[in-house]
2 protein chains.
Amino acid sequence: MSTRRTMRDVAQEAGVSIMTVSRVINGQPGVLPETAARVEHAIRRLGYQRNDAARQLRRRGQPTQIIGMLVDDLANPFFAALARAVEDAARQRHYVVLIGSSNDSLDREREVVAAFFARQVDGLILVPVAGSHRFLASQMAQGTKVVCVDRPVDGLDVDRVLVDNRRAAGDAVRHLLEQGHRRIAFLGDRDDVWTISERYVGFCAVLGEQGLEPDPQLVRRGLRSRAEAAAAVAELMALPQPPTALFTSNDLTTMGAIDSGHGSVALVGFDDFALADKLTPPVSVVTQDPAAMGGAAAELLFSRISGDTSPPRELILSTRMVARGSGEVPATAVTAADSPAAAAGQ
Amino acid sequence: MSTRRTMRDVAQEAGVSIMTVSRVINGQPGVLPETAARVEHAIRRLGYQRNDAARQLRRRGQPTQIIGMLVDDLANPFFAALARAVEDAARQRHYVVLIGSSNDSLDREREVVAAFFARQVDGLILVPVAGSHRFLASQMAQGTKVVCVDRPVDGLDVDRVLVDNRRAAGDAVRHLLEQGHRRIAFLGDRDDVWTISERYVGFCAVLGEQGLEPDPQLVRRGLRSRAEAAAAVAELMALPQPPTALFTSNDLTTMGAIDSGHGSVALVGFDDFALADKLTPPVSVVTQDPAAMGGAAAELLFSRISGDTSPPRELILSTRMVARGSGEVPATAVTAADSPAAAAGQ
DNA sequence: TTGAAAGCGCTAACAC
DNA sequence: GTGTTAGCGCTTTCAA
């Protein structure tokens with residue numbers, strides 16, 4: 001492992017001063033074409049590559065052209081699409097992107113964020129976990145820009161790109177109500193995830209509009225995996241009065257519900273996923289657009305990095321209820337077998 | 001935007017020398033607890049964060065604790081899972097990860113790789129696109145470690161983590177042959193992707209074992225999207241002698257085949273995907289394990305970074321043929337209408 | 001058009 | 001236990 005080449009090496013090789021090399025590398029004027037050619041040649045011969053860290057050190061105040069992006073789980077297609085959009089936006093601006101997954105752990109998030117800041121990132125796109133993010137404040141005071149996406153951050157006034165989770169969840173529930181469903185179950189991922197609790201609020205609100213209350217038996221929260229969601233659905237369907245419809249709070253719980261194989265119960269899930277339209281029945285969902293969210297967050301971040309100091313903005317992107325079949329399974333058939341008494345009551 | 005805090009600021013605030021601050025920050029011995037406490041306090045008050053770039057500059061020869069990872073498309077679940085595994089391995093070693101997508105463009109790859117090298121990455125995990133990668137050689141000569149994953153790299157002797165694409169594709173085709181299929185179509189993504197052409201070779205080889213040759217009419221290569229794959233399948237099925245089985249060369253083409261809605265034709269795809277087992281019929285696949293591939297690549301890279309100078313290694317991870325139903329659709333029904341005799345009739 | 005000197009924030013090596 | 005000096009690779013400033 002030989003040591004890395006420096007401008008000194010190039011200068012020596014080309015028989016010029018280090019300063020001339022610098023000028024050539026940075027395309028600055030005032031170098032004879034002939035001299036420049038000699039330098040270029042030396043650069044090629046030695047495989048020299050500018051050390052941006054050293055460069056950055058001297059050009060104090062200039063951006064490092066690095067941003068950090070911290071998502072919940074990069075392996076989740078939703079966050080992967082979001083990350084890809086951020087990366088595209090960054091590349092267009094000649095930025096590189098540090099990536100990390102918090103895995104919904106505040107400690108891990110803090111650790112990764114610290115590592116990003118130590119590399120002097122100009123900005124951070126953050127899918128924050130629950131908990132206090134006061135530790136971000138001092139970095140922001142020193143000039144690092146932060147934009148939250150998918151979730152807002154606790155106790156910190158920063159730009160955010162969100163969707164209206166309550167309304168979107170409400171749309172899903174309303175859709176089920178319109179099909180005649182009254183016994184609608186809620187399948188929730190971890191409760192401490194902001195999006196999930198918002199969706200629960202939306203779920204309850206729309207039931208409330210109809211004078212209904214969520215049946216505690218039909219509300220299953222804190223499901224941490226696809227398998228747990230599947231088990232929960234199996235239990236629900238084994239109840240004396242099973243639900244006629246399910247609202248699943250995210251992609252994982254939706255897949256769990258599908259795993260459980262209860263095809264006759266109506267289902268609307270939050271988040272779209274590949275091939276949802278090819279299942280039997282095709283799965284109805286409320287969808288958000290992760291690429292658009294990532295793109296918007298990047299846009300916001302780069303405008304801040306470029307000096308935009310206007311008050312923090314909140315961007316609410318739209319969602320869409322996509323009816324495909326699973327949400328249009330009628331309530332009647334099941335309701336009849338379900339409990340004549342209960343049905344009569346409604 | 002105030003300027004960032006430095007050790008100087010902390011030293012002044014704590015009334016000590018900058019060297020004492022450095023010792024405290026780096027947990028070096030030989031500082032009175034009392035002094036250390038004063039420094040710690042100042043650090044907290046100022047929100048000081050060590051500048052790792054400057055640190056790295058002085059500790060020449062020491063690793064920067066940054067690696068780069070360049071995949072084809074981060075939004076593709078296969079690469080997302082791979083990236084996540086790399087990230088986990090990196091975090092355990094207190095490394096951060098720069099991410100990029102090449103989008104199958106050599107220019108874009110070169111651009112991103114250059115940006116990574118300029119940041120002095122200790123290593124690079126690369127899913128190389130087609131074309132010469134000579135430009136990597138000079139960086140490697142200067143000590144940057146490179147590991148290729150999913151695909152080998154042209155004209156460069158580096159560590160690689162692959163699967164035996166020929167054999168895996170052969171397994172799929174053999175499986176179809178065992179079900180009696182003889183008219184098996186090949187649906188291929190871009191031809192210049194190494195994995196795809198390898199799979200085609202495997203496809204032909206196993207047909208050859210049976211004394212068969214691929215029917216040019218049934219070989220569709222260069223399909224660049226799910227939609228193109230769907231259209232190709234539709235065309236195939238409209239042939240006078242349609243195939244009785246399809247072998248799709250990756251997840252995108254598999255999904256395209258599913259989109260085309262020809263449920264009666266047998267199908268085995270390369271790469272598993274979410275809910276493949278829940279489709280009608282459930283989709284049979286040959287699967288590789290992207291997380292394992294990413295993990296193995298990271299392992300290899302970090303052992304190189306730690307000084308392992310043994311000759312380049314090639315790691316071949318295993319694949320698995322997963323029969324779920326779509327690959328077990330019998331050939332008979334269709335074959336009848338299909339046989340040479342019947343062909344004459346048509 | 002080119003170069004010499006200073007210094008970015010930090011740490012290695014050596015004082016005290 | 002603490003401080004001083006020098007210098008990492010680069011760019012800024014100023015001189016030639």
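Biologist: Which residue stands opposite Met69(A) in strand 3 of chain A?
Modeller: The residue opposite Met69(A) is Ile125(A). This is a predicted model, in which local features need pLDDT of at least 70 and side-chain atom pairs count only at pLDDT 80 or more, while totals for chains, interfaces and linings use all residues; side-chain values use heavy atoms, without hydrogens and water. Residues are numbered from 1 along each chain as its sequence is written, and chains are lettered from A and ligands numbered from 1 in the order in which they are written.

Biologist: In what sense do strand 1 and strand 3 of chain A pair, and over how many bridges?
Modeller: Strand 1 (residues 66-71) of chain A runs parallel to strand 3 of chain A, with four bridges between them. Strands are DSSP runs of E of at least two residues, helices are runs of H or I of at least four, and both are numbered from the N terminus. Two strands pair if DSSP finds at least two bridges between them.

Biologist: And how many bridges link strand 3 to strand 4 of chain A?
Modeller: Four bridges, again in the parallel sense, join strand 3 to strand 4 (residues 145-149) of chain A. There, Leu124(A) stands opposite Val146(A).

Biologist: Which residues cover the two faces of strand 3 of chain A?
Modeller: Gly123(A) and Ile125(A) lie on one side, Leu124(A) and Leu126(A) on the other, and all are buried. Buried means under 20% relative accessible area, exposed over 50% and partly exposed in between, with a 1.4 Å probe and protein chains only.

Biologist: Turning to the rings, how many aromatic pairs are there over all chains?
Modeller: The count is 14. Rings of Phe, Tyr and Trp (its six-membered ring) pair if their centres lie within 6.5 Å; planes under 30 degrees apart are stacked, over 60 edge-to-face and the rest tilted. The ring planes of Phe203(A) and Phe247(A) make 10 degrees, with centres 6.3 Å apart, so this pair is stacked.

Biologist: Which elements hold Phe203(A) and Phe247(A)?
Modeller: Phe203(A) is in helix 9 (residues 194-209) of chain A and Phe247(A) in strand 8 (residues 245-248) of chain A, so the pair ties together parts 44 residues apart in sequence. Phe203(A) is buried at 0% relative accessibility, and Phe247(A) is also buried at 0%.

Biologist: What about Phe203(B) and Phe247(B)?
Modeller: In chain B the centres are 6.4 Å apart and the planes at 10 degrees, so Phe203(B) and Phe247(B) are stacked. Phe203(B) is buried, with a relative accessible area of 0%, and Phe247(B) likewise has 0% and is buried.

Biologist: Which residues make up the ring cluster?
Modeller: Phe186(A), Tyr200(A), Phe203(A) and Phe247(A) are linked into a cluster by ring pairs.

Biologist: Where does Arg199(A) lie?
Modeller: Arg199(A) is over the face of Phe270(A), 3.6 Å from the ring centre. Likewise, the charged end of Arg199(B) sits over the ring of Phe270(B), 3.6 Å from its centre. The rule asks for NZ of Lys or CZ of Arg within 6 Å of the ring centre and within 35 degrees of the ring normal.

Biologist: How many residues are in the largest nonpolar core?
Modeller: It has 56 residues, and those with the most contacts inside it are Ile67(A), Val149(A), Ile67(B) and Val149(B). A nonpolar core is a set of buried Ala, Val, Leu, Ile, Met, Phe, Trp, Tyr and Cys residues joined through side-chain atoms within 4.5 Å. A second, separate core of 45 residues includes Leu275(A), Leu187(B), Leu218(B) and Ile258(B).

Biologist: In what order do the six strands of the open sheet in chain B run?
Modeller: The order is 7-6-8-9-10-12, with mixed pairing. Strand 7 (219-220) and strand 12 (320-322) of chain B are at the edges with a single partner strand each, so one side of each has no neighbour in the sheet. Strand 9 (residues 266-270) and strand 10 (residues 284-287) of chain B run parallel, joined by three bridges, and Val268(B) stands opposite Ser284(B).

Biologist: Last topic: is Ala232(A) buried or exposed?
Modeller: Ala232(A) counts as buried, at 1% relative accessibility. Ala232(A) is part of helix 10 (residues 226-237) of chain A. Leaving out residues up to four places away in sequence, Ala232(A) touches Leu187(A), Arg220(A) and Leu223(A), where contact means heavy atoms within 4.5 Å.

Biologist: And is Glu209(A) buried or exposed?
Modeller: Glu209(A), in helix 9 of chain A, is exposed at 51% relative accessibility.
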